[in-house]
Amino acid sequence: MKLRWTLEKTKKLFKKPFFDLIYEAQTIHRKNFNPNIIQISTLLSIKTGLCPEDCKYCPQSSRYSTHLKNKPLLDKNKILKAAKKAKKIGASRFCMGAAWKNPKERDMPYLEKIIKKVKKLGLETCMTLGELTEKQAKKLKNAGLDFYNHNIDTSKNFYSKIISTRTYQSRLNTLNNIRNSGMKICSGGIIGLGEKIQDRIEFLMELSNLPKPPESIPINMLVKIPGTPLEKNKKVNAFDFIKIIAISRIMMPKSYIRLSAGREKMNFQTQAMCFMVGANSIFYGCKLLTTKNQSEKKDIKLFKKLNLKPEKFKFKLNKKNYKKKFFYNALEK
Ligand code: SAM
Ligand code: DTB
Ligand code: SF4
């Protein structure tokens, strides 16, 4: 198969001077998206902690003592309440995450029910539940699931240094099952795991050379969790991080790029640069899965400074619904 991005071509991109890179990234971004509009998702952990996997970055692995409050699969009324709140504060997509290696067959009917109910609220739906078989992916798709999040996290070579309880290939197999089901793929990774530049190159090559690149690409900056093996990792340099967003935009011009975990520790200027070079999606709401996200109040402040508008009313915005919506009201004040 002909690669969209060869090693040689990708390496060249990584070597470009910073200003050449950000100019190219923003030019491509503007050709494919409105640079003043941002997609907004809200996250909810529907099953927290006690995960059998050993991902070295994760507070939810049962292998590490992270002082996390474990919670079994949430009651559907609680999930719906959170989804309604997400809609009210301006999210267009509701993402539900579970600390599982994979969903059990006995959980499938419940998950399908939740998808149907959340969809009825008029929200796009996304789940991240671990590995999926082909059959499970089809069931979720048939229930109305729009996106499935399944990160490859880093390069194939570095992966086994971070996770030993599953293989990179099993991640790719699940991505294949999601694609074949007709759902949209949300797949990205984490910067700051201790990876080398070569790993970042290979990670972005892997995503961009999938049969079709993911529609949504979350780029997380490692949240260093006390008790996990990566708690003392070196802080990621802001310029290096901006560079990864810019390169992602150039390599995958039509995908949404989500500035995901780590915004809590980024100043406004770094976030603005990320948006400038192509990030056009965020998690909105004070919590990610188990850790703090940048507060809604701060997000609104940042949005106002940058004249950013949430995507959901892109086509339907009129005086009547404009006034009604919390987000727009807040942006107007
Ligand atoms: N258990 C499922 C799985 O691993 O696919 C779904 C939930 S898992 C928490 C979703 C993603 O969150 C991971 O793939 C990882 O990229 C991200 N993540 C987890 N802990 C993180 C951390 N400390 N910092 C940044 N991203 C993190
Ligand atoms: C993704 O790439 N980042 C989100 C979402 N997909 C599920 C999760 C970030 C988790 C950060 C650590 C936590 O809050 O537990
Ligand atoms: Fe489990 Fe997912 Fe955390 Fe890995 S990233 S430990 S699979 S919840």
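1. Buried denotes a relative accessible area under 20%, exposed one over 50%, and partly exposed a value in between, with a 1.4 Å probe and protein chains only. By that criterion leucine 50 is exposed, because its relative accessible area is 56%. Leucine 50 is placed in the loop between β1 and α3 (76-89), where helices (H or I, at least four residues) and strands (E, at least two) are DSSP runs numbered from the N terminus. Although leucine 50 is not a glycine, its phi is positive, at about 55 degrees.

2. Basis of the note. The structure is a predicted model, in which local features need pLDDT of at least 70 and side-chain atom pairs count only at pLDDT 80 or more, while totals for chains, interfaces and linings use all residues. Residues are numbered from 1 along each chain as its sequence is written, chains are lettered from A and ligands numbered from 1 in the order in which they are written, and side-chain values use heavy atoms, with hydrogens and water left out.

3. Confidence. The pLDDT is the predictor's confidence in each residue, from 0 to 100. Its mean for the protein is 92, and 93% of the residues reach 70 or more. Residues 314-318 have a pLDDT below 50, and this stretch has 5 contacts in the model beyond near neighbours in sequence; a contact means heavy atoms within 4.5 Å.

4. Overall form. The protein contains 13 helices and 10 strands. Its C-alpha trace spans about 50 × 50 × 40 Å along the principal axes. The radius of gyration is taken over C-alpha atoms, and the globule rule is 2.2 Å times the number of residues to the power 0.38. For 333 residues a compact globule would have a value near 20 Å, and the 19 Å of the protein agrees with this. Of the contacts with a separation of 6 or more, 73% are accounted for by residues 24 or more positions apart.

5. Of the 333 residues, 56% count as buried. The protein exposes about 16,000 Å², of which carbon and sulfur atoms supply 55%; these areas come from the Shrake-Rupley method with a 1.4 Å probe, and for residues only the protein chains shown count as cover. There are 70 positive and 26 negative charges, and their mean positions are 7 Å apart. Lys and Arg count as positive and Asp and Glu as negative, whereas His and the chain ends are not counted. The place of a charge is NZ of Lys, CZ of Arg, CG of Asp or CD of Glu.

6. Histidine 67. This residue is also placed in the loop between β1 and α3. Histidine 67 is not a glycine, yet has a positive phi of about 55 degrees. It counts as exposed because its relative accessibility is 80%.

7. Tryptophan 5 lies in the segment before α1 (7-15) and counts as buried, at 12% relative accessibility. Residues up to four places away in sequence aside, tryptophan 5 touches Thr10, Leu13, Met205, Ser208, Asn209, Ile250 and Met251. Isoleucine 28, in helix α2, is buried with a relative accessible area of 18%. With the same exclusion of residues up to four places away, isoleucine 28 touches Arg249, Ile250 and Pro253. Between isoleucine 28 and lysine 254 the C-alpha separation is 9.1 Å, although they are 226 residues apart along the chain.

8. Glutamine 136 belongs to helix α5 (residues 134-143) and is buried, with a relative accessible area of 4%. Beyond its neighbours within four places in sequence, glutamine 136 is in contact with Pro103, Lys104, Glu105, Met108 and Glu131. Threonine 174 belongs to helix α7 (residues 168-181) and is buried, with a relative accessible area of 2%. Beyond its neighbours within four places in sequence, threonine 174 is in contact with Gly130, Glu131, Leu132 and His150.

9. Asparagine 34. This residue is found in the loop between α2 (18-32) and β1 (37-47).
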